[in-house]
Amino acid sequence: MQLIKLLINGKEYEVAVKKNWTLLYVLREVLDFTGTKCGCNTNDCGACKVLIDGEAVNSCVVLAHKAEGKNIITIEGIAEGSKLHPIQEAFIETGAVQCGFCTPGMIITTKALLDQNPSPSRDEIVQALDNNLCRCTGYVKIVEAIELAAKRLRGEA
Amino acid sequence: MKNKKLVYVGNNRPIRDAALKVTGQLQYTADMKFPHMLYAKMLFSPVAHAKIKKIDTSKAEALPGVKAVVTYKNSPRIPYNSSMRFYEHKIPETEYLFDDTVRFVGDRVAAVAAESLEIAEKAIRLIEVEYEELPAVFDPEEALKEGAPEIHPGGNKVAEIKTEAGNVEEALAQADYVFEDRITVPAIHHCAIETHVAIATYDSRGKLTVYSPNQNTFAFRIIISKVLEMPMSKVRVVRPAIGGAFGGKLEAVIEPVVALLAKMTGRPVKMELNRRESIVSTRTRHAGVFYIKSGVNKDGTLVAQDFRVILNTGAYATSALNVSGAMSHKVFKVYKTKHMRFTATPVYTNTPIAGAMRGYGSPQAFAAQQIHLNRVAKALNMDFVDFQLKNLVEPDGVDPRFNSPHGNPRPLDCVTKGAEAFNWASRPKTEEQGRFKRGIGMAIGSHGNGCFGAHRDVTAMVLKMNEDGTATLFTGTHDMGNGTVTAETQVIGEILGIDPENIECIEADTEATPWNLGDYASRGVFVSCNAAKKVAESVRREILKEAAQLLEVPVEELDLVGGYAVSTKDPEKKATLCDVIVHGQRVNQREIIGAETFASPAGVTSYGAHFAEVEVDTETGKVKVLDYVAVHDVGKAINPMYVEGQIEGAVQMGIGYALTEGLELDEKGKVTNNSFKKYHMLKASEMPRMQVLLVEEGEEPGPFGAKSIGECSTVPSAPAVVNAVSNALGIDFKDLPLKPERILKAIQVQK
Ligand code: FES
Ligand code: FES
C-alpha cells in the first residue's frame with residue numbers, strides 16, 4: 001500500500017492504494033464516487049470516464065497513483081450543488097437518458113468536448129463519442145443533447 | 001371522459017429518474033454496499049462438455065478471508081428453469097445451482113465468497129478441477145443427428161412446436177412459383193452496459209433479500225425459494241435501477257448462487273460479472289437455421305408459406321419453449337396469406353445459453369422471412385414495397401389459424417408512410433461510384449403485446465393519495481430505462497387531473513409492490529399502463545365521492561382537472577384535491593387508496609417498416625448504413641419522445657445484428673469475441689441519419705389506444721439492412737451477420 005493524494009472535484013483525498021489499483025476502483029470502491037460506472041474495465045465502453053486535467057479519460061485504465069497531482073472531475077462534480085449543469089439539463093430534456101448507465105460517461109465526454117470546442121459540428125460530436133458506447137438510445141438523442149447544450153453554453157438558446 | 005382533450009398522455013416527458021442519472025446519484029446494484037459485505041466470484045468451465053472427475057476446494061477454503069466455497073458437492077440439488085415465470089409454469093428443468101457435468105465453455109463450476117474481491121479471485125484460481133472431457137457438439141443441425149453427443153438425457157431435441165393454418169401443401173402445389181431458402185441468424189449479446197450483478201443478504205431471522213437489476217422480481221422469488229427450499233415470505237427480491245436489460249436480465253442467472261452464498265455465510269454477498277463473463281455465461285439471442293418455402297402467384301400474391309426452424313438453445317433449455325412458441329405466432333400476424341405453417345425445433349448444443357432477448361423470436365423469424373421475400377419479389381421483378389402493399393394485412397385482418405381479428409393492424413400505413421419519407425420510388429435502387437456500391441432495402445416486422453393467449457397476463461397496482469393532492473404509486477414494473485413507469489404516471493395523471501410530476505413511484509419489490517407478471521413480452525404499455533389506468537379510475541371514483549359530498553353536487557357532474565374537482569355545470573363549484581382528500585380524512589376518516597388487478601383482455605400486434613440505404617466498400621467489405629427511416633404502428637404514443645428513443649436504440653441493435661455482431665466460437669466452443677473490443681456493437685459514428693415516424697390510429701383495448709414499441713422496434717431493422725446490401729451488390733445474402741469477410745467472399749464468388 002502506498003499513501004497518495006488525489007484531487008477530486010476540488011477536494012483533496014488521502015488514500016492508501018495498491019500499485020495495481022485503477023482510478024476507477026479507487027473512485028468507486030474506496031471513495032464511494034459511484035456515479036462513475038464500470039461497463040467493461042477494458043477501455044472499450046466509456047462508462048468510467050472522468051476528466052483528468054480537462055481531458056475525458058477512461059478511469060478503468062488509469063492507475064490511481066498515476067493520477068496524483070492531477071485535477072480529477074467526476075460526474076458528481078459537474079453540477080453545482082443541486083443546480084444542474086446545462087449539459088445535464090440538455091440530456092434530460094432531449095430524452096438522451098434511458099437506462100442511464102452510459103450517461104455519466106457521456107456527460108464527461110461532452111464536458112471535455114464543449115470546453116475545448118464550443119461549436120462542434122455534428123461530425124465532431126460523433127467523433128468525440130467514439131469511445132462511449134450506449135445500447136439504449138442509438139446515440140440520436142445524445143447527439144441532440146450535445147448540440148442543445150453547446151447552443152445554450154454559447155448563450156444562443 | 002370520452003373525447004376529452006388529453007393533457008398528459010401524448011406529452012414528451014423525460015424519464016422520471018433522469019436527474020439522478022445525469023448526476024450519478026442513482027444507485028445501481030453495483031453501487032450498493034452493505035456493512036461486512038463479502039465479494040463473490042464464479043469459476044466457469046474452460047471446456048465445452050465434461051464430467052467433473054475430481055474437484056478439490058481445500059486450498060481455496062484454506063485461504064484466509066475465504067468464507068464459503070460451493071460446488072455441486074455442497075449445494076442443493078434441485079432442478080429448476082431460470083426462465084420460470086409463474087408458480088406452476090411447466091418448462092423443462094435442466095439447470096442446477098451446480099452440476100457434476102459442464103455443458104459449455106462458461107458453465108458454472110464453483111463459486112467463492114470472500115472478504116475481498118482480490119481474495120475471491122485468488123481462491124477461484126486455487127480450486128483444482130479434473131475434467132473428463134466428453135464429445136461436444138456446437139451446431140444445432142449436427143446436434144439433431146443420430147449419434148450426436150447427448151447433452152441432456154433424452155436427446156438434444158428439446159421439443160417440436162408446430163402451428164398452422166389452411167392447407168400449406170395444396171396451396172404450394174397450386175402456386176405459380178415456389179421459392180425456397182435456407183437462412184441463418186447468429187447468437188448475439190445483449191450488451192447492456194451494466195453487467196450482471198446481484199447482492200444478497202441473509203439475517204438471523206432467516207430472511208433473504210436479493211437486490212438485482214432484473215426484469216422479474218416475482219419470478220425470481222419463486223425460483224430462489226424453490227432451489228433454497230425457503231418459504232416465499234422469507235425471500236424478498238428488490239430491483240434497484242437497471243442499467244439496461246433487453247431481456248438479458250429476465251432470467252435468474254446469478255441470483256440463486258449469490259443467494260446461496262449469503263445463506264451459507266450469513267453475510268451480505270455481492271457478485272458482479274465482468275464483461276467477458278456477461279458475454280459468455282449469461283444469455284444470448286437464439287441462433288437459428290430457417291428453411292423457408294413460399295408459394296407465390298405471378299401477380300405477387302403470397303399464397304402459402306412454410307417455415308421450419310432449428311433454434312439453438314445452447315446448453316440448457318431456459319427459454320427454449322417460450323421463445324419458439326412466441327416466434328411461431330408472429331408470422332401469422334402480418335400477411336393475408338391463408339396457408340401457413342411454422343415448425344420450430346429448439347435444440348441443445350454445447351454453446352452459451354440462449355434466452356430472452358428483445359423481440360423474443362421475432363427478430364429471427366422476420367429476418368429470415370423478409371430476406372427471403374426480398375429475393376422472391378426480385379425474382380418476380382416486383383418492387384418489394386409493391387409486394388408488401390399487395391400482401392400485408394388490412395386493419396380488419398384476421399389470424400388465419402383462428403379467424404380472430406388482429407385488432408387494428410397498420411403495417412400498410414407504416415409501409416406507405418415510410419416509402420414516402422424515404423423517397424423509395426424515386427430513389428435510385430443501386431448506385432456505383434468506383435469501389436463503392438450503394439443500395440436500398442426495406443423490411444417489415446411485428447411483435448406482440450403481452451402474453452394473452454399463452455398464459456396469465458396480470459399486473460396489479462396500488463395507488464394512494466396524499467393530503468396535498470399528490471399521489472404515490474406502488475408498481476411492480478421494472479423500468480429498464482425505457483420509461484414504462486413514466487408512462488404509467490402520465491396515464492394516472494390524465495385520469496386524476498394531476499401533473500405526473502406529482503406522482504411518486506415505488507417500484508418492483510416483492511414486498512412493497514403488488515404482483516406483476518414481469519417486464520417482458522412488451523407488456524409495459526399495453527398491460528401495465530392499462531393497470532395504471534384501472535387503479536387510477538378506481539381512485540378517481542373515490543375522490544369524486546368525497547368531492548361530491550364536499551361540494552354538494554352530484555358525482556356525475558364532477559370532473560378532475562388541473563388538481564381540482566370541478567363541476568362541469570358550474571365551474572365556480574370546485575375544490576382542490578387537497579381539500580377533497582383532507583375532507584375524506586377529517587369527515588369520513590378514510591384514506592383514498594386503490595388496489596386493482598388488471599388482466600389483459602386481448603392479444604394485439606404492433607407493426608413497423610424500416611427502410612435503409614447502405615454503401616458497401618467492395619475492397620474492404622465494410623458496410624456503412626447511410627440513411628434510415630423507421631415507421632411504427634404504436635396505436636397511440638403516450639410519450640412520443642421515449643417511443644422515438646426506443647426505436648432509435650432498436651435500430652442500433654438491428655444494424656448490429658445485420659452487420660457486426662454475432663458470437664464467434666472457436667473449434668473448442670470458446671467464444672472468441674468475448675470483449676467489447678472484439679464484439680462490435682455500433683458506435684455513434686456508425687449510425688445512419690435517421691428519421692422516425694409514428695402511425696397513431698389507436699388500438700382499442702390499449703390504454704388511450706396505445707400499444708407496444710420496445711421489442712417491435714428492433715424486428716424489421718436487420719432484414720432492411722441486409723436487403724439493402726443484397727440489392728446493392730446483386731447478391732442474395734442468407735447468413736447473418738454480414739461481416740466484411742463474408743461480403744468479400746461473396747463478391748469473389750460473384751466474379
Ligand atoms: S469501464 Fe472503462 S471503458 Fe468501460
Ligand atoms: S442510456 Fe442505457 S446505455 Fe446509454
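Predicted model: local features only at pLDDT ≥ 70, side-chain atom pairs only at ≥ 80, totals over all residues.
Which residue of chain A does the side chain of B:Asp31 meet in a salt bridge? The partner is A:Lys37, with an N to O distance of 2.5 Å.

By the rule applied here, nine salt bridges cross between chain A and chain B. The tally of residue pairs in polar contact between the two chains, with both residues at pLDDT 80 or more, comes to 25. H2(A) has the largest share, with five residues. Sort that side of chain A by residue type and you get 21 nonpolar, 13 polar and 11 charged.

Now zoom out to the whole interface. Here 45 residues of chain A are in contact with 48 of chain B, and the area buried between the chains is about 3800 Å², with carbon and sulfur atoms giving 56% of that. A:Gln98, A:Phe101 and A:Arg135 are the trio to look at: they supply 22% of what chain A buries against chain B, more than any other three residues.

Over in chain B, have a look at B:Ser713, in the loop between strand E29 (689–695) and helix H17 (717–729). With a relative accessible area of 0%, B:Ser713 counts as buried. A polar atom of its side chain sits 2.8 Å from the backbone oxygen of B:Gly710. Leaving out residues up to four places away in sequence, B:Ser713 touches B:Arg358, B:His610, B:His632, B:Gln646, B:Ile647 and B:Ala650.

Key: Residues numbered from 1 in each chain as written. Chains lettered and ligands numbered in written order. Heavy atoms only, no water. Helix = DSSP H or I, 4+ residues; strand = E, 2+ residues; numbered from the N terminus. Buried < 20%, exposed > 50% of the residue type's maximum accessible area, 1.4 Å probe, protein only. Polar contact = N/O pair within 3.5 Å; in protein donor to acceptor, adjacent residues only side chain to side chain. Contact = heavy atoms within 4.5 Å. Buried area = accessible area lost by both parts, 1.4 Å probe. Salt bridge = Lys/Arg side-chain N within 4 Å of Asp/Glu carboxyl O. Nonpolar A, V, L, I, M, F, W, Y, C, P; charged D, E, K, R; others polar.
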